[in-house]
Each structure stands twice: as structure tokens, then as C-alpha cells.
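Here's a walk through a structure, taken a piece at a time. Have the viewer open and follow along.

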Amino acid sequence: MTRIAPSILAADFARLGEQVAAVERGGAEMLHIDVMDGRFVPNISIGVPVVESLRAATDLTLDCHLMIVEPGRYVEAFAKAGARMISVHQEACPHLDRDIRRIRDLGAQAGVALNPATPLHVLDEVLPLVDFVLIMSVNPGFGGQKLIPAAVEKVGALAGVRAERRLDFRIEVDGGVDLSNAAAIAAAGCDILVSGSGLFGAADPAEAVRSMIRFTNPPGAARA
Ligand code: DX5
Ligand code: ZN
């Protein structure tokens, strides 16, 4: 079962509650929240208070993608605010092992995100510790970019490593995901598809989520 995580970066923040309710109605099971600090990425987005408000407004799993320097300083605040999944960037964490363990100790699922230029092998040592790996399919910082096709091969390679090493982390893909490429990414081994403008940019976000679920889960496929 491929799950859909709408990225609120592309939502209308003045109507956030309404937009979240729409994607929930469409069958989304999680909500992707992009946290940017203007340092790790050249853009600033949202922080802890928004996560707190969303926690009170929805039952969706809140998935916080920290695109910030020194993310270890903030994971506790995000976990306390209600993030159930927290990812940090490998490129931002000289003490990645410690940061992953910290997220898990806080009771959240720990993910590691990789930029397009970062090879998979940097995760060799930590793969047994993570709950999920986030493969960036654009350079992080902005919504609405075009997917870098090599990311799909990277997902396939990571799924191969997972099978070979008999691990069970999930694979999430983020950036430029829309109805034109969602099925191919899912077929490569992706478990969680993040999509911002592909869903919130649609005239009917609930219907867009429904279509993405249909496109990525062929009829008869087992629900896991
Ligand atoms: C990019 C963010 C993404 C972004 C995806 O830095 O991490 O989550 O919101 O947006 P789309 O789907 O529009 O590429
Ligand atoms: Zn993201």
C-alpha cells in the first residue's frame, strides 16, 4: 500500500484547516510539514506553532521534514508539538546516529532525508536504526519544482538494499510528485509519496488525493 502525504507547503495558509480536511477526506493518511530555516535551504517556511495547531485540528499523522541546520536542537519541540514522524537531513547532521536515536527516544518515528546529490551509501551504518528514508527528488527549499528522474532509480536501489539486508524501513519520496509520475515511483519501491502542488494546486484536492491513491495502488493489491 502506497500512502499519500500531502505537503502543506503548497496549501493556502489562510485556509489551512479547510485544505487539510479536504485531503483527509480524499484518503490521505499523513500530512507532510516542511520546516525551513533560510540556512540549510534558501527559504523560510513554518515552525512548531503550526504543528501544534494542526495536531489539535486533525488526526492525520504529522510528518515533519526538518530542512534546518542543527536539527537535533529542535526535535524535542517538534515531537512535543505532535509530530509522529520526524526526518533530519544527513547533510545537516555530523552526529546522525545520535539524532536518530534521540527522535526515537522521544517516541516519534525517525527518518533521514537525502538530497539528490547525496549517495545512498552514506546511510549504510544507520539503515537498521531508521523508520524511514526520505529521498529528495528535487533540491530542497521550494515547492513546485520538476522531479529529477534519477531519484526514481535511487528509490529502486534503496529498495534493493532493504530487501538484501532484510530491513523494514519505509521509503518516502519528496519533490515534483504528481499524477504523471506517482505510479512509476510507487512501482520502484516507494511507500510514502509526498506531493504539494500536485494535490493542493488541483481544483479539487480531495479528488486529487483519491486519484493518486488509485494510480499507485492497483486493484487487488494487498493493504499493508
Ligand atoms: C521541498 C519540500 C517538499 C515540497 C514538495 O523542499 O521538501 O516537501 O513541499 O512540493 P511539490 O510537490 O510541489 O514539489
Ligand atoms: Zn518535504
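In which loop does Asn-181 lie? Asn-181 sits in the loop between strand 7 and helix 6 (182–188), where helices (H or I, at least four residues) and strands (E, at least two) are DSSP runs numbered from the N terminus.

A quick word on ground rules: this is a predicted model, so local features need pLDDT of at least 70 and side-chain atom pairs count only at pLDDT 80 or more, while totals for chains, interfaces and linings use all residues. Residues are numbered from 1 along each chain as its sequence is written, chains are lettered from A and ligands numbered from 1 in the order in which they are written, and side-chain values use heavy atoms, with hydrogens and water left out.

Back to Asn-181: its relative accessibility is 14%, so Asn-181 counts as buried (buried is under 20% relative accessible area, exposed over 50%, partly exposed in between, using a 1.4 Å probe and protein chains only). Not counting residues up to four places away in sequence, Asn-181 touches Leu-147 and Gly-176; contact here means heavy atoms within 4.5 Å.

Gly-176 leads us to the largest pocket, as it is among the residues nearest the pocket's centre, along with Gly-143, Gly-144, Gln-145 and Gly-175. This pocket has a volume of about 370 Å³ and a lining of 29 residues. Strand 2, strand 8 (192–195) and helix 7 (197–200) are the elements that give two or more residues to that lining. As for the method, a pocket is an open set of points on a 1 Å grid over the protein atoms alone, where a 1.4 Å probe fits, with protein on both sides within 12 Å along at least five of seven lines; lining residues have an atom within 4 Å of a point. Grid points are joined across faces, edges and corners, and the volume is the space filled by probe spheres set on the points.

Now for the metal. The zinc ion (ligand 2) has His-32 (NE2), Asp-34 (OD), His-65 (ND1) and Asp-174 (OD) as its protein donors, at 2.0 to 2.3 Å. Donors are N, O and S atoms within 2.8 Å of the metal (3.2 Å for Na, K and Ca), and water is not among the atoms, so sites may look incomplete. Why is the arrangement octahedral? The six donor atoms around the zinc ion (ligand 2) subtend angles of 69 to 170°, and six donors count as octahedral if opposite ones are over 155 degrees apart and all others between 65 and 115. Asp-34 belongs to strand 2 (residues 30–36) and Asp-174 to strand 7 (residues 170–174), so the pair ties together parts that are 140 residues apart in sequence. Asp-34 is buried at 4% relative accessibility, and Asp-174 is buried at 8%.

Next, the greasy part. Nonpolar side chains tend to be buried together in soluble globular proteins. The largest nonpolar core has 60 residues, and Ile-8, Ile-33, Leu-66, Ile-86 and Ile-135 have the most contacts inside it. A core is a set of buried Ala, Val, Leu, Ile, Met, Phe, Trp, Tyr and Cys residues joined through side-chain atoms within 4.5 Å. A second, separate core of six residues includes Met-30, Phe-132, Ile-192 and Val-194.

Glu-70 has a positive phi of about 50° although it is not a glycine, and Glu-70 is partly exposed at 46% relative accessibility. Arg-166, also not a glycine, has a positive phi near 50°; Arg-166 is exposed, with a relative accessible area of 76%.

Notes. Four donors count as tetrahedral if all angles lie between 85 and 135 degrees; four count as square planar and six as octahedral if opposite donors are over 155 degrees apart and all others between 65 and 115; anything else is irregular.
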